[in-house]
Amino acid sequence: MLTVSKIDLEEVVKMKLPPLPGSVMRISELLQDMNVSQHRITEAISYDPMLAARILRLANSPIYAFQQNVTSLNTAVNALGNKPIYEMLLMGMVADSFGHEIRNSAIGRDIWLHALAVGFAARELCGLLGMRGTEEAFSCGLLHDIGSLLLFKANTLQYIELFNHAKRDDLSPYEKEIFGYSHAEVGAVAANRWNLSDPVCFTILHHHNPAESAQAVFLTRIIYIADNLSYLKNQKLPLDQDFLSSPTVESLGFKAEQLEKVWEKVVENLREVIKAFFR
């Protein structure tokens with residue numbers, strides 16, 4: 001039987017969620033400005049040496065396969081464009097905010113790698129449908145389990161017990177029993193505290209139950225599919241009929257062959273991003 005350890009949600013988010021660094025907010029605002037010059041973006045990134053190094057590694061990875069070695073930050077920024085840089089900024093924000101949990105715990109690393117996979121899968125799924133706004137899909141995917149990292153950080157031993165005991169595809173019922181809140185509820189509050197958009201907050205809150213979402217319905221369905229796809233593939237389970245015939249998958253018209261190709265792309269992206277963060 002699992003030990004109950006109720007939390008004060010607001011207090012956990014306040015105490016355990018690091019504030020967004022000023023450099024992250026500044027670069028994020030620049031990247032979302034359609035009229036900003038690449039020079040200003042490069043200049044802002046240059047004040048964050050770790051982000052700059054990650055961007056250079058990404059620019060030289062097989063994902064982009066540029067014809068020559070990229071050695072300057074200015075060249076990397078111009079070659080990559082704003083979308084990959086925004087994604088790297090977001091990945092760095094999560095990795096740095098929960099660096100101890102990710103680097104020193106198999107469970108923390110597992111949560112983070114799953115979040116990366118869901119972010120990449122969400123982006124690819126949107127691409128298949130020819131939808132714009134893949135940056136927001138990636139953001140929602142990457143952040144959908146941020147509540148898990150917060151619960152893990154708040155009570156590590158309790159969360160390890162839960163993680164090892166519970167069914168992995170959705171820990172929510174066990175989390176609510178033990179802590180009083182699910183990772184989705186904790187994550188939505190955290191996203192709101194980081195002043196992320198309402199669609200991102202709603203998607204995080206309802207990513208296990210898209211039918212309950214009153215906003216961002218499309219995004220929530222995408223994250224639900226990306227989340228389940230990543231779970232099944234990481235567990236080396238088949239894309240079973242229950243998943244493929246679920247109302248959410250059928251509503252967007254995805255077929256098994258398409259989802260298999262999406263996963264191939266996810267694995268390719270994961271391999272290169274892991275090098276950027278752990279080399």
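In the predicted model, a search of the whole structure identifies 5 salt bridges. Side chains of opposite charge can pair when their charged atoms come close. One of the salt bridges joins Lys233 and Glu260, with an N to O distance of 2.8 Å. Lys233 belongs to helix H15 (residues 217-234) and Glu260 to helix H18 (residues 256-278), so this pair ties together parts that lie 27 residues apart in sequence. Glu260 has a relative accessible area of 31% and is therefore classed as partly exposed.

A further salt bridge is formed by Lys176 and Glu185, whose closest N and O atoms are 3.1 Å apart. Both partners fall in the range between the cut-offs of 20% for buried and 50% for exposed: Lys176 is partly exposed because its relative accessibility is 38%, and Glu185 is partly exposed because its relative accessibility is 25%.

The side chains of Arg123 and Glu124 also meet in a salt bridge, with an N to O distance of 3.9 Å. The cut-off for a salt bridge is 4 Å, so the pair at 3.9 Å is counted. Arg123 and Glu124 are also part of a network of salt bridges that includes Glu87. Arg123 has a relative accessible area of 13%, which means that this residue is buried.

Another arginine, Arg54, is located in helix H4 (residues 49-59). The relative accessible area of Arg54 is 5%, so the residue counts as buried. When neighbours within four places in sequence are left aside, the contacts of Arg54 are Met88, Gly92, Asp96, Ala276 and Phe277.

Burial was also examined for helix H9 (residues 134-143). In this helix, 8 of the 10 residues are buried, so H9 is largely enclosed by the rest of the structure. The buried positions are Thr134, Ala137, Phe138, Ser139, Cys140, Gly141, Leu142 and Leu143. These buried residues pack against several helices, namely H6 (82-97), H8 (106-128), H10, H14 (198-206) and H15.

Two packed helices are described by the angle between their axes and the distance between the axes. For H1 (residues 9-16) and H10 (residues 146-154), the angle is about 90 degrees and the axes are 10 Å apart. Angles of 65 to 115 degrees count as roughly perpendicular, and H1 and H10 are therefore assigned to that class. The contact brings Val12, Val13 and Lys16 of H1 together with Leu150, Lys153 and Ala154 of H10. By class, 4 nonpolar and 2 charged residues make up this contact of H1 with H10, with no polar residues.

Lys16, a residue of helix H1, has a relative accessibility of 30% and is therefore counted as partly exposed. With residues up to four places away in sequence not counted, Lys16 touches Leu150, Lys153 and Ala154, which are the H10 residues named for the contact between the two helices. Lys16 and Leu219 are separated by 203 residues in sequence, and their C-alpha atoms are 27 Å apart in space.

Technical notes. Residues are numbered from 1 along each chain as its sequence is written. This is a predicted model: local features need pLDDT of at least 70, side-chain atom pairs count only at pLDDT 80 or more; totals for chains, interfaces and linings use all residues. Side-chain values use heavy atoms; hydrogens and water are left out. Axes are lines fitted to C-alpha atoms, for helices over the stretch in contact, and angles run from 0 to 180 degrees between N-to-C directions. Helices (H or I, at least four residues) and strands (E, at least two) are DSSP runs, numbered from the N terminus. Angles under 35 degrees count as roughly parallel, over 145 as roughly antiparallel, 65 to 115 as roughly perpendicular and the rest as oblique. Contact means heavy atoms within 4.5 Å. Ala, Val, Leu, Ile, Met, Phe, Trp, Tyr, Cys and Pro count as nonpolar, Asp, Glu, Lys and Arg as charged, and the others, Gly among them, as polar. Buried means under 20% relative accessible area, exposed over 50%, partly exposed in between (1.4 Å probe, protein chains only).
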